[in-house]
Each structure stands twice: as C-alpha cells, then as structure tokens.
Amino acid sequence: MDAFDLDVRRHVYLSVVANGRPPTTMETAVAFGRDEEEIADAYLRLHDAHALVLAPESTEIWMANPFCFRPTPHRVSAGGRGWTGTCAWDALGIPAALHGDGRIESACACCGEALELEVVDGELTTGRNLLVHILVPARHWWDDIGFT
Amino acid sequence: MVYLRSEDHLRRWLDANGWEPGATLTAPAMNDLARAWWWSRLDPGWRPRPREESQAILDGFGLTGEFWSLA
C-alpha cells in the first residue's frame, strides 16, 4: 500500500469521525486536488487490500471497519454520535477505535429480542451474560465480508 | 458475527438455519478482543497489519486452532 493510498485511507477515516459518514470519491478528490478517477482507483485498491469495503459494483464506501454505512442490527452510541457496527465484533470495536465509552443496542439473532451492551472505561458493564457467535472460520472471513 | 441471549438461543438459531457451530465467545471476551483488534484503527500512522500480527492477537486470547487460522 503506497503513501498516496494510505493518505486517502486516513482522509476517509478522519471524515468518518468528523462527519459520521464516509466521503464520496468527489469529496475526496476535492480534498486532494486530484481527479475523481484517481480517487476511485485508490478506493478500489484499498478495497482489494481489505482497508475499506466498497458496495458491490460501486465506489461507494460500505464499511470502514469497524464502522458500517448501511443498516445492520447493531446501533452504537460512542464519541457523541450514533454509528452502525458491521457485526457484533465491530460494534464493540467502535468504542475501542474511538478510545471511549459506548452503548450498543442490538438484537438476539435467535429471537430478535432487544439487547443492550455498554462499555465503560474499557470494561463491558452491561450485557456481560450475552454470547457472540462467529460462524465463519477466520481464513474465510473475507470471502463474503457482508455475511461474515 | 451475532449476539445471542444464551446457549439455548444459540442452538436454536443454528438449528433453524441448518448451520454447523462455529466459535462462541462471551461478550466480555469479545469486548477485550475488540479493543485489541480495533484500538489502533484511527491512528494517524496506521499501516496494514501483517497477518502474523493479527494471528498473534487471536493467539493472545487463546483463540487458536484450525477455526482461528487466518492463513
């Protein structure tokens, strides 16, 4: 991953934290003074390197893990903003990435009943009796990251 | 990767979908793993983490064996 792609990736994450959403290729192109096509190519390289996840057949950012920009059952409050976690692991990753406390509202995958977890000073203080299940073996996580 | 209320709900969920069990962590264990895994994600000097380092994080939580092998 070259320096330009790292800069683009850093800009994406900074924008996510500042605005609560990822920048479009046009917004990033303006920020860098580059053509939109160059930024789209960088987004695609970052996707291929698993540094971002783009929506299928698109340069729209779907995930900048642990943040997700499409609906999932995992809603996270952290850093003074509401977020969506890609999965149970990533939902807990959001307060971790933001180095702060966080509250997660989710649902039991079996019965759909609402669940709540809370992280305070790094410790899980609410939801300690819950389980997290990982269905897909680690080597296949990126085969279909949306399912994983 | 999903949350479940209990072992009973986990079994019912797997049975309902016809899936073989994968791996189960307690929520506190997952929180600890999430902190180790994601803590540096927003660091200005972030670089892609080599697979060996990711594997070492999993190893550090006792997550070893075929299921947890990234290679």
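Chain A is divided by its domain assignment, whose bounds come from an automatic or database source, into domain 1 (3–62) and domain 2 (68–126), and the centres of domain 1 of chain A and domain 2 of chain A, taken over C-alpha atoms, are separated by 24 Å. This is a predicted model, in which local features need pLDDT of at least 70 and side-chain atom pairs count only at pLDDT 80 or more, while totals for chains, interfaces and linings use all residues. Residues are numbered from 1 along each chain as its sequence is written, and chains are lettered from A and ligands numbered from 1 in the order in which they are written.

Helices (H or I, at least four residues) and strands (E, at least two) are DSSP runs numbered from the N terminus, and two strands pair if DSSP finds at least two bridges between them. In chain A, strand 7 (residues 114–120) pairs with strand 8 (residues 123–126) in the antiparallel sense over three bridges, and A:Val120 stands opposite A:Glu123 in strand 8 of chain A. The hairpin formed by these strands has two residues between them, and A:Asp121 takes a positive phi near 50° there.

The contact (C-beta atoms, placed from the backbone, within 7 Å) takes 38 residues from chain A and 33 residues from chain B. On the side of chain B that touches chain A, the elements giving two or more residues are strand 1 (2–4), helix 1 (7–17), strand 2 (23–26) and helix 2 (27–38), and helix 2 of chain B gives the most, with eight residues.

Technical notes: Contact = placed C-beta atoms within 7 Å.
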